[in-house]
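Open the model in your viewer and keep the selection panel handy.

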Amino acid sequence: MAATAAFFTNRQPTFILSPPKTKVNASQLFFHCNNSKPFFKTTISCSLQKPPPSLYPRITATRPEYIPNRIPDPNYVRVFDTTLRDGEQSPGATLTSKEKLDIARQLAKLGVDIIEAGFPAASKEDFEAVRTIAKEVGNAVDAESGYVPVICGLSRCNERDIKTAWEAVKYAKRPRIHTFIATSGIHMEHKLRKTKQQVVEIARSMVKFARSLGCDDVEFSPEDAGRSDRKFLYEILGEVIKVGATTLNIPDTVGITMPTEFGKLIADIKANTPGIENVVISTHCQNDLGLSTANTIAGACAGARQVEVTINGIGERAGNASLEEVVMAFKCRGEHILGGLYTGINTRHIVMASKMVEEYTGLHVQPHKAIVGANAFAHESGIHQQLLVPGAMDGMLKHKGTYEIISPEDIGLERSSEAGIVLGKLSGRHALKDRLKELGYELNDEQLGTIFWHFKAVAEQKKRVTDADLIALVSDEVFQPEVVWKLLDMQVTCGTLGLSTATVKLMDANGEEHVACSTGTGPVDSAYKAVDLIVKEPATLLEYSMNAVTEGIDAIATTRVLIRGEKSQLSTHASTGETVQRTFSGTGAGMDIVVSSVKAYIGALNKMLGFKDQLPAKDSVERTSVSA
Ligand code: KIV
C-alpha cells in the first residue's frame, strides 16, 4: 500500500492528455509482422519527429463476431485473461470464490474476450468458482453489443480433468475447454515419462474427447513449446487441428525465449503446421527474463491473434505478460507500428481491475510497474525537473507529452479538479465519492456508505485525510473476504516491565461475541494468540509487514500478513500435478498499529475459513492419469 500511497500523496496534478512522446527509446527488438500481408521486418525503436495527426489512434472498429476458430477481422487480437488461473497460481494469491467472481465481473467490464476462470479439477472449490463464473458472468450478455466473454476452464490431457472442466464451463453461453500436455524433451522425459508418439496420441484423443462432450471451442497448448522440437510441434498441432482444436496456444512456459525467437516460433508454426489456417494462434509468455510483454507483441506481429495475459502480470514465478502493458502497447502503437493490430478492451477499467487484483491477491504492484504502478504518471519531481532550464517547468506542464505517452484518463484515472485536494472532517459524501472516482475506484452505494463512515472516524482524528489514507480505507473496507469473524474491541498492554497482554473481543457470523486474553512476546503476538484462542483454527504466520501510508505521527498503518492453515486447504497444481497447500493473505488498516495488525490477521483467517477445506483430485499426477 505504501507504494500506491506514495503516488497519490500530495501530488501536483499530473494527469493530462498528451501527444505521444517524440522519441521512443525501446530496445532494439526485431521481429516479423504479419497481418495477412507478406512478412516484413520492423523495429520497435523509432524516433518520431512530429506527433502523428491523432494523439492516440482510436480504433473505431467494433468487436468482430465470435467464432471459435476464426476471427473475421484479421487485425483483431483476442485478449484471453488468465488472472484467475495462472495468476492465482502465484504463491499466496489464493482467491475465494466471491473474489474470483468479483474479478471475473471486472474482466467482463474490461471486455476481455476469454476469461480463463480456473482449473476446475484442482479442487471442489475451484470447480465451484468456475461454474459460478460460467453461470453468472458467462451469461451476462451486453444488450447493446451482444458481447459476452467466453468462459474457459483448464484441464490436463486426461478424461477426468476434461469432463470436470466441461461440467464447470458448460453453463456459459460460450464455453471453452483448454487442454494441455507437455511437448518439450525435458518435460516428456522427466515429467510425463512418455514418448513423442504417446504424447501425440494422448493430445489427439483428448481433444477429440473434449469435442465429443459437445464443446465446440477447444484450445490446445503444447506446454513448454518454447523449448520443444519444431517438427514435433508442427506434427502434434496438425493432429489436434484434425480432431477439432479451435485455438492453438503456444506457451513459453519457462519464459526463456527472446522476442525475435518467439516471433519466429509463431511464424514457423504458421508456415508449417497443416491446417493452421483453420484455427486461431495464441501466445502465453511467462516473464522469467522480463520479456513476456515483448514476446507477446512479437507473437502477435508474427500472426498470433490471441494473447494470454494477466492483470498486473501476476502468475507463476516471475509472472505472465501483463494485460495492461500488452493492451496499451496495441492502443498506443497498434495503428502506426504494429500494422493496425487492436483489441476490444475498454482500457478505462484497467486501474480498477489492477487495484482489485492487487488487493484480493495481496500481491502488491511495484511503484515503477508500467501503466498501473504508483509512479507511472508521477514525474513532477526529480530528474525531469533538474534537467529543465529555469522556467521550463511551466512549459512542461503545458506540454505533458514531453514525458508522457499515455493519458491517465485512458486507463481510468481522472484528473483532479483541484490540485492536491485533501479531504477533512467537513468534507461530505459527494466530495469523498468524487475523489475516490478520481483515484480510479468504481464503488457502489453500499461500499461508499461504509467507507464514508470510516472516513468520518479518521477525519475526526486527523486534520487532513489524504489520498493515501483513502486508499488504505478502501483496502480495509471494500476488498475484504466475507466476514466470518469480526474484530469488535481490543486492549493491549506492553512495554519493558513484563509480558505483553492482550484482550480481544470478536464477533462470529451469528453475531455472538467472544472474548479471550493471552500473553505474548509483544503486543501483536499476544493479540494474535488471543484471536487464536477464539477462532480455534490453527494457522502459521508466514509473513508480516507493515507500512505507514502517510508521513506523520497520525499516519494510517496498513498491515499485510500471509498465513498457512494447519488443516489441508489443498489444491492440485495444474502443470506439476503436485498437491500444494494454499496460503492466504490478509490486509488491515488503522491508525493504531496493533489494531491494523489484528485486522490483517483476521482478514487472512476469514479468507482461509471461506476457502472450504477440500481434498485435491485423486489422480493428480498427469502421467498416471492420462487415458491414451
Ligand atoms: O505456462 C504454461 O505452459 C501454461 C499452459 C497450461 C498454457 O500455463
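The tour starts with the ground rules, then moves to the ligand. This is a predicted model, where local features need pLDDT of at least 70, side-chain atom pairs count only at pLDDT 80 or more, and totals for chains, interfaces and linings use all residues. Residues are numbered from 1 along each chain as its sequence is written, and side-chain values use heavy atoms, with hydrogens and water left out.

**Stop 1: the ligand shell.** Select Arg85, Asp86, His178, Phe180, Ser221, Glu223, Asn249, Pro251, Thr253, His284 and Gln286. By class, the shell holds two nonpolar, six polar and three charged residues. Here Ala, Val, Leu, Ile, Met, Phe, Trp, Tyr, Cys and Pro count as nonpolar, Asp, Glu, Lys and Arg as charged, and the others, Gly among them, as polar.

**Stop 2: polar contacts** (N or O pairs within 3.5 Å). Show side chains and check these distances from a ligand oxygen to a side-chain N or O atom:

- arginine 85: 2.9 Å
- histidine 284: 3.2 Å
- glutamine 286: 3.4 Å

Taken alone, the ligand exposes 260 Å², and the protein buries 97% of that (Shrake-Rupley, 1.4 Å probe). Now colour strand 8 (175–182), strand 9 (218–223) and strand 10 (247–252); each gives two or more residues to the shell. Strands are DSSP E runs of at least two residues, and helices H or I runs of at least four, numbered from the N terminus.

**Stop 3: the loop.** Select leucine 289, between strand 11 (280–285) and helix 9 (292–301).

How values were computed. A residue is near a molecule or strand if one of its heavy atoms lies within 4 Å of it. A polar contact is a pair of N or O atoms within 3.5 Å; within protein, one must be able to donate a hydrogen and the other to accept it, and residues adjacent in sequence count only if both atoms are side-chain atoms.
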